Amino acid sequence: MGVDVLSFTTSVTVAVEAGTRVFPYAWRDETAAAFARDKGAALAVGRRAVTPATPW
């Protein structure tokens with residue numbers, strides 16, 4: 001899996017400047033969902049998976 005570094009850093013910058021707390025996580029699997037739940041956070045989705053319920 002490749003990471004578009006510019007898209008990632010831009011997304012994080014926009015989110016943080018808007019007052020959002022970001023918890024980066026290395027894997028997109030069930031461990032990521034568990035990590036988000038442990039932090040009381042919402043798990044971000046890829047740009048092609050955005051819906052009204054998961055706009056992040």
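## Terms and basis of the model

A residue is called buried when its relative accessible area is under 20%, exposed when that area is over 50%, and partly exposed in between, as computed with a 1.4 Å probe and with protein chains only. By that rule R37 is exposed, because its relative accessible area is 55%.

The structure is a predicted model, in which local features need pLDDT of at least 70 and side-chain atom pairs count only at pLDDT 80 or more, while totals for chains, interfaces and linings use all residues. Residues are numbered from 1 along each chain as its sequence is written, and side-chain values use heavy atoms, with hydrogens and water left out.

## Overall form and surface

The secondary structure of the protein consists of 2 helices and 0 strands, where helices (H or I, at least four residues) and strands (E, at least two) are DSSP runs numbered from the N terminus. Along the principal axes, the C-alpha atoms of the protein fill a box of roughly 30 × 25 × 25 Å.

Of the 56 residues of the protein, 9% count as buried. The accessible surface comes to about 4800 Å², and 60% of that surface belongs to carbon and sulfur atoms; these areas come from the Shrake-Rupley method with a 1.4 Å probe, and for residues only the protein chains shown count as cover.

Helix α1 covers residues 5-17, and its 13 residues should span 18 Å at 1.5 Å a residue, which agrees with the 18 Å between its end C-alpha atoms; the expected span is 1.5 Å times one less than the number of residues. After α1 comes G19, whose phi is positive, near 95 degrees.

The loop between α1 and α2 holds P24, and R28 is found in that loop as well. P24 is exposed, because its relative accessible area is 57%, and R28 is likewise exposed, with a value of 64%.

## Helix α2 and its two sides

Helix α2 comprises residues 30-39, and its buried residues are A32, A33 and A36. Seen down the axis of α2, these buried residues fall within an arc of 100 degrees, so they line one face of the helix; the arc is that of the directions from the helix axis to the C-beta atoms. On the other side of α2, the exposed residues are E30, R37 and D38, and just after the helix G40 takes a positive phi of about 70 degrees.

## Charges and the salt bridge

Side chains of opposite charge can pair when their charged atoms come close. A salt bridge is taken here as a side-chain nitrogen of Lys or Arg within 4 Å of a carboxyl oxygen of Asp or Glu, and by this rule the count comes to 1 salt bridge. The side chains of E30 and R37 form such a bridge, with 3.2 Å from N to O; E30 counts as exposed because its relative accessibility is 53%.

For the protein as a whole, the mean positions of the 6 positive and 5 negative charges are 2 Å apart. Lys and Arg count as positive and Asp and Glu as negative, with His and the chain ends not counted, and the place of a charge is taken as NZ of Lys, CZ of Arg, CG of Asp or CD of Glu.

## The segment after α2

A44 lies in the segment after α2 and is exposed, because its relative accessible area is 52%. P24 and L43 are 19 residues apart in sequence, and their C-alpha atoms are 10.0 Å apart.
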